[in-house]
Structures are given as structure tokens and as C-alpha cells.
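Biologist: Before I rely on the labels attached to this model, I would like to hear how each of them was reached. Could we go through them in turn, with the structure in view?

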Amino acid sequence: MSALLSSAFSDFEFVKPARPIDRVFVHCSASDYPQHDNVATMRQWHLERGWSDVGYHFFIRKDGTLEIGRPIDKTPAAQAGHNRGTIAICLHGLSKDKFTVAQKATLRTLCVLINEAYAGLLTFHGHCEVANKSCPVVAYGDVLKLTSKAKLGYDKASTRIQMPANQNMADLEAPEAKEFPDHILLLKGSRGPNVTWLQTKLKELGYPVGKIDGKFETMTRTAVLSFQADNHLLEDGKVGNSTYEALEDAQPRPIALERQKQGLVELAKGGSRIAQASISQATIGGAIGLGGIASVVEETSGTVSKLTQGIGVFDQAFQTLGPWLGAIVVVGGIVIVLQALKAGRARVQDHQTGRTA
Ligand SMILES: [Zn+2]
């Protein structure tokens, strides 16, 4: 593929990338200045944001010329949080009435070629559908004759997409701080902005990383491992392609920490019933470093009021140690309690069977 192609598509052939694709996104450059009417300017803007290349795969000039941007095999950096599985196309322009007939024709032809390569299975969207932006301003729904299911239409124009009347530069293509970075392999010992991005992302998703300092150390690795486990990824503590992609698309942990905490408290309460059995306080007192939890167990007489105190201790563990360490302490405590209960029961059985006097 040459870098610059005529709108006639005479020498353009769309070649499907190896990565899976399910959506195509349309953008605008948020500029009507002729000096910005080329992918080179766009690339420069994006390099200035610290990216390795222009974020879009295709750029369409006012005269309808199609320019090639980021290699199609690479995930775009165009729709924050929605880059995986997409192809990103940018039309030069800002004012709705200044997009040209030639540009719209090229957009339509390009999308038809892409759509045909995927046997019509793709859906087509504007950036505004996944971001609080007016981008791409151009009436892409009409140009692409989109159906109600965002499929490319071949008949009459759709009026599904209503574009906002007013736009300004700021809410169009303003740099997105959380933009998806390039896939530089990250592992323990890594440093730099990608690590900062990783830590910020993990924190947003509910995985504690401690201080966001751009340093990949033990806590960051632990967070990566948890994320990988939750997302059925290879748990190697390293951030490569698949982990990057999963991070990009991930939603915050489905189970809120508060709910997990509740669950543990419920479990602790549930323990009160089986805690009727006699328990050796030495077993537990020695095993648990946390005096508060130990005291609950020592005094186990099955009364809820005594346990409430212990639940307070669990709460305190969460508050002072943070949700995950707190959870580990609480779970650890419960495991020890259960083991102790088992031991206590065994002793009762022994006593009953006369093995011990
Ligand atoms: Zn956009």
C-alpha cells in the first residue's frame, strides 16, 4: 500500500489485519485549516502527545484523498477505552458544512471496502457514541446509510444520527489523558510513563497499587497478577499485548469491595453458630497475631454480641490495612478459626470416644 492514495481507490486494497475487528470508528481532525489537511500534521500532533504514531489508521483530506496512518495491524489510539477490535478513520474538518462531497465519498467507499472484507459483520460508529464529544461532526450516519443496528446501509439515508448543532475545538479532539499507550512490555523493575498509566488504570479498576509513581514494583505486580487472574489471562505479572488489551477494555471489578467485605462479615457471623464447639484458645491465640480476632474466638460462647466486637475488628483491619490486605487478614483469621474449630471438634470426638481422658 502506498502512503498516499487517490480517492478513486485505483491502487487501494483493504487488507484485513491479523487482530480481530468488530467496529469501525469515524473521527474528525477538529480543524478546517488547510495546513492541517494531511496525516503528517496529525501524526505530529499525536507524537507531541507522547504517542509513537498517529492514532488513526486512515485520514481523508478535503479533496477526498485517502492517506494511510497507523498500520492497520496496530490497535488505534483514537477512542479511549474502545480501541481494541476497531479501525479508526479521521476526516479533516471541524465545521459540519465544510466537510466535502469528495471526503464523504471516500469515507463511504472505504467503509464499503472494509465492510465487504468482513462480510458485513462490522458495525460503524462515530467517536461521539463512546465519548462526550461532538466528533466526528460530519453526518456519518447519513454518509454511511447506517441502519438502526449500526450496519452499513445500501439504501435510503438514515436519520438515526442527530449531530449537535454547535461544536468547539475543546470538546472535539482534546488530548485524552487516559489514552491507550503503545504496548511496551512492562514487568517488575520497569519505569516510566507507561507504568504510571498502568498504575492509574489498575487503581481505577479497583486494584490497589499504592503510590502512583511510575515504578513497577511488588505492589504493582501483585495488582497485575490479580487483574490477570480476574480476566483469565496468563498470570505472569507482566504486561504484554493481551494484558494491555484487557486493561483497555476492562470495567471496574464487578464485585464492589464493600460487598466483598460484607460477604466476609457475613461469613464471620456464620462462624458464630459452629463456634459453639469448644475451642482451644491456645491454638488460636498463638496462631493469630491480631489480638482482637483472637479475643473473639477465646470468648466464643455463641453469642452474637461478643462477635459484633470481632466484626468491628474486621472492619478495623480493612480500614487500617486497606481492603485487600484487610481481606487477607480476615480470611486468614477465618481459616485459622475454622481449623481451630475442627481441632476443637476432633478433641470433643476424642473425648467422646475415650481416646483422651
Ligand atoms: Zn474523535
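Biologist: Which residue in β5 is the bridge partner of cysteine 28?

Modeller: The model is predicted, and in it the bridge partner of cysteine 28 in β5 is leucine 91.

Biologist: What makes β2 and β5 a pair?

Modeller: Two strands pair if at least two bridges are found between them, and β2 and β5 have 6 bridges, in the parallel sense, so the label applies. The parallel strands β3 and β5 are joined by 3 bridges, which also meets the requirement of at least two, and phenylalanine 59 stands opposite cysteine 90 in β5.

Biologist: Why is β5 called largely enclosed?

Modeller: A residue is buried if 20 or more other C-beta atoms lie within 10 Å of its own, and because 6 of the 6 residues of β5 are buried, the strand is described as largely enclosed by the rest of the structure. From β5, Thr86, Ala88 and Cys90 point one way while Ile87, Ile89 and Leu91 point the other, and all are buried. Such an arrangement can be set beside the general rule that side chains in a regular strand alternate between the two faces of the sheet.

Biologist: What touches the most other members in the largest nonpolar core?

Modeller: That core has 38 residues, of which Val24, Cys28, Tyr56, Phe58, Ile89, Cys90 and Leu107 touch the most other members. At least two residues each are supplied by β2 (23-28), α1 (39-48), β3 (58-60), β5 (86-91), α2 (101-117) and α3 (140-143), and the largest share, 5 residues, comes from β5.

Biologist: With which residues is leucine 107 in contact, leaving aside its neighbours within four places in sequence?

Modeller: Two residues are in contact if their C-beta atoms lie within 7 Å, and on that basis leucine 107 is in contact with Val26, Ile60, Ile89, Leu91 and Val143.

Biologist: How do you know that the span of α5 is close to the expected one?

Modeller: Helix α5 (residues 193-204) has 12 residues and reaches 16 Å from its first C-alpha to its last, against the 16 Å expected at 1.5 Å a residue. Its buried residues are Asn194, Val195, Trp197, Leu198, Gln199, Lys201 and Leu202, and what covers them includes α6 (218-230) and α7 (241-249). Glycine 206, with a positive phi near 100°, follows α5.

Biologist: Why is asparagine 231 called partly exposed?

Modeller: The class lies between the exposed limit of 12 or fewer and the buried limit of 20 or more, and asparagine 231 has 16 other C-beta atoms within 10 Å, so it is partly exposed. Asparagine 231 lies in the loop between α6 and α7 and, leaving aside its neighbours within four places in sequence, is in contact with Ala246 and Ala250. The C-alpha atoms of asparagine 231 and alanine 250 are separated by 8.6 Å, although these residues are 19 apart along the chain.

Biologist: What pLDDT does the protein chain average?

Modeller: The protein chain averages a pLDDT of 75, and 61% of the residues score at least 70. Over residues 174-178 the pLDDT is below 50, and this stretch has 3 contacts in the model beyond near neighbours in sequence. Residues 347-357 also have a pLDDT below 50, with 5 contacts beyond near neighbours in sequence.

Definitions and conventions:
Residues numbered from 1 in each chain as written. Predicted model: local features only at pLDDT ≥ 70, side-chain atom pairs only at ≥ 80, totals over all residues. Core = buried A, V, L, I, M, F, W, Y, C linked by C-beta atoms within 7 Å. Helix = DSSP H or I, 4+ residues; strand = E, 2+ residues; numbered from the N terminus. Expected span 1.5 Å × (residues − 1). pLDDT = per-residue confidence, 0-100.
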